[in-house]
Amino acid sequence: MSNIIITGCSSGIGFATAVMLAKNKNVVFATMRHPLQHTELQDIADNKNLPIIILPLDVTDDNSIKNAISQILFYTDKIDVLVNNAGIGTLGSVEELSIEDFIEQMDTNFIGTVRCTKAVLPHMRHKKSGCIINISSVGGRLFNYFNAPYSASKAAVEAFSECLAMEVLPFGIRVAVVEPGVIDTPLQDKCKSQIKETGYPNLQRCVAFFSAARDHHIPPDVVAETILKIVNGESTRFRNPTGPDSLPFLSFRASMSDEDWIAGADIDEETWIAMMEGMHLDVRKYLTRF
Ligand code: NAP
């Protein structure tokens, strides 16, 4: 049994992970920005008698993190695992997104991970044990057009995690990254709402790609299972690609040169559609013009 903190538990992967880890006899401190607006997890915890304690935590707010960790250390004298899951997605061209879009993305996905990690490290180092699991993405290793803020934030999480893993190894602390492919969660709905008009017609391909990939309906439980395996010690890998499309996407990217990958952004529409169909992605119906 481990005491586990998870960020971003109001929906999607964080929500599913909180339930799965609690069902597997762990005590879960499930944190979210606005617990009063998201009562579903509390209802499940009550109905199924699961050891889930819900606390407010905004990963962009130092005081909020400090308060949450203080409360957790009031409940328990040991934090075994931190899952840095909270994240946002931003789609758009570099030219048309604002600097604020980039800052918000980095502040949430990357600096949020750094903040929460720093908040638990003194405790874990003192106890000489602990595990930090950072939710990255295939997008942290495969860089695609109109994903610059998101991919940059996840690439930063990857680099940070690898450096951290080496720093904390002598103190019995383990670091792992989870790299989901496209998972069916509300993340994309929140992304799409930001796209209004664009001078970049190929942005439609990016939106169509994610919509078609989401049609495979890979549930967030798939990611929760990977996290459970890391917590149980069943997976001892540092990088954990997760979901049926994760490794194929990474292999596809690794099969070509950087130059060929970049040149692929300018192929004609029918060739692109055929290439997507080769990956079982029915993009045609989502190619709406902006
Ligand atoms: P989601 O359902 O939108 O969940 C994101 C969670 O992060 C929500 O609980 C959201 O809370 C929370 N969050 C956002 N900003 C926050 C902040 N400042 N402080 C605390 N919590 C905050 O999406 P998801 O797909 O489960 O995403 C979870 C993680 O998986 C993210 O890091 C994402 O990048 C990663 N991921 C997702 C996919 C995918 O295809 N879905 C693929 C690869 C990686 P609110 O309800 O308050 O907004």
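Visitor: Hi! What should I know about this model before we start?
Guide: Because the model is predicted, local features need pLDDT of at least 70 and side-chain atom pairs count only at pLDDT 80 or more, while totals for chains, interfaces and linings use all residues. Residues are numbered from 1 along each chain as its sequence is written, and side-chain values use heavy atoms, with hydrogens and water left out.

Visitor: Thanks. How many residues surround the ligand, and which are the closest?
Guide: The ligand is surrounded by 30 residues, each with a heavy atom within 4 Å of it. The closest are Ser10, Ser11, Tyr150, Thr185 and Lys190.

Visitor: How far is the polar side-chain atom of Ser10 from an oxygen atom of the ligand?
Guide: They lie 2.6 Å apart. A polar contact is a pair of N or O atoms within 3.5 Å; within protein, one must be able to donate a hydrogen and the other to accept it, and residues adjacent in sequence count only if both atoms are side-chain atoms. A polar backbone atom of Ile183 is 2.8 Å from an oxygen atom of the ligand.

Visitor: How much of the ligand's accessible area does the protein cover?
Guide: On its own the ligand has 890 Å² of accessible area, and the protein covers 95% of that. Such areas come from the Shrake-Rupley method with a 1.4 Å probe; for residues, only the protein chains shown count as cover.

Visitor: Switching topic: is Ile6 buried or exposed?
Guide: Ile6 is buried, with a relative accessible area of 0%. Buried means under 20%, exposed over 50%, and partly exposed in between (1.4 Å probe, protein chains only).

Visitor: Where does Ile6 lie, and what does it touch?
Guide: Ile6 lies in strand E1 (residues 3-6); strands (E, at least two residues) and helices (H or I, at least four) are DSSP runs, numbered from the N terminus. Leaving out residues up to four places away in sequence, Ile6 touches several residues, including Leu21, Phe29 and Val83, where contact means heavy atoms within 4.5 Å.

Visitor: And how many residues has the largest nonpolar core?
Guide: It has 34 residues, and those with the most contacts inside it are Leu41, Ile52, Ile133 and Ile227. A nonpolar core is a set of buried Ala, Val, Leu, Ile, Met, Phe, Trp, Tyr and Cys residues joined through side-chain atoms within 4.5 Å. Helix H1 gives the most to this core, with 8 residues.

Visitor: What about Asn240?
Guide: Asn240 is found in strand E7 (residues 239-242) and is buried, at 6% relative accessible area. Its side chain has a polar contact of 2.7 Å with the side chain of Ser235.
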